[in-house]
Amino acid sequence: VVDQFFGIPYAPTYIGLTKNGEVRGWGFAHFGPVNTSAGFVVATGLSFAGPAVVSIPTLVVGLPADKKFVDIATTCNGSAAVPSSYFALAENGDLYAWGNNTAGVCGVGNTNPVSSATLVLGGHKFSKLFTARPNSGQNSQDQIYALDTSGALWAWGYNDSGKLGTGAPVTDVSTPTLVIGGQRWSELAL
């Protein structure tokens with residue numbers, strides 16, 4: 001039984017969170033959790049020479065088997081031509097990311113595609129994820145915000161017009177960066 005389910009309307013690619021805490025991906029392998037467009041191994045561990053279809057929900061490669069996952073999220077720039085990035089939050093607060101990594105949204109310190117789920121840098125323990133829903137515009141949604149267990153808000157990815165709140169007006173951020181102000185947060189509407 002699937003507890004949470006995310007798909008990108010512009011690309012038939014999906015991730016789901018099962019009731020027992022597993023994260024699975026399926027759909028068109030050219031976009032997202034089973035991405036092959038950049039020539040890297042797909043996150044499901046299956047190999048393709050080019051775009052292909054994964055028709056069965058398949059465990060995402062790189063997520064530790066001994067961890068239960070409690071939340072998932074996606075980013076999307078609203079374009080069918082550019083894949084998205086995906087996130088899985090473990091019960092212990094560890095955050096994993098994989099996918100296109102536009103603007104460094106995977107939080108691994110660079111903008112290179114991330115072929116399997118990888119622990120986000122910084123050692124933070126997160127409790128909640130926030131991403132905006134897709135719309136049109138280059139890189140318009142390739143950012144993520146996350147609350148840590150103390151309620152501090154962290155942000156990274158595409159920073160058009162300073163939307164990350166980190167004090168940098170237009171510089172993309174490839175690692176989790178504290179939102180300026182020192183507030184403790186409970187919700188964020190994007």
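**View 1. Asn101, a buried loop residue.** At 0% relative accessibility, Asn101 counts as buried, meaning under 20% relative accessible area, with exposed over 50% and partly exposed in between (1.4 Å probe, protein chains only). Asn101 sits in the loop between β7 (95-99) and β8 (114-119). Strands are DSSP runs of E, at least two residues, and helices are runs of H or I, at least four residues, numbered from the N terminus. Phi of Asn101 is near 65°, a positive value in a residue other than glycine. Most residues other than glycine have a negative phi.

The model is predicted: local features need pLDDT of at least 70, side-chain atom pairs count only at pLDDT 80 or more, and totals for chains, interfaces and linings use all residues. Residues are numbered from 1 along each chain as its sequence is written, and side-chain values use heavy atoms, leaving out hydrogens and water.

**View 2. Ala103, in the loop between β7 and β8.** Ala103 is not a glycine, yet its phi is positive, about 60°. Ala103 is buried, with a relative accessible area of 10%.

**View 3. Thr166 and its contacts.** Thr166 lies in the loop between β11 (153-157) and β12 (173-178). Its relative accessibility is 14%, so Thr166 counts as buried. Leaving aside residues up to four places away in sequence, Thr166 touches Ala155, Asn159, Val173, Thr177, Leu178 and Ile180. A contact means heavy atoms within 4.5 Å.

**View 4. The protein as a setting for the close-ups.** The protein has twelve strands and zero helices. Of its 190 residues, 51% count as buried. Among contacts with a separation of 6 or more, 44% join residues 24 or more positions apart.
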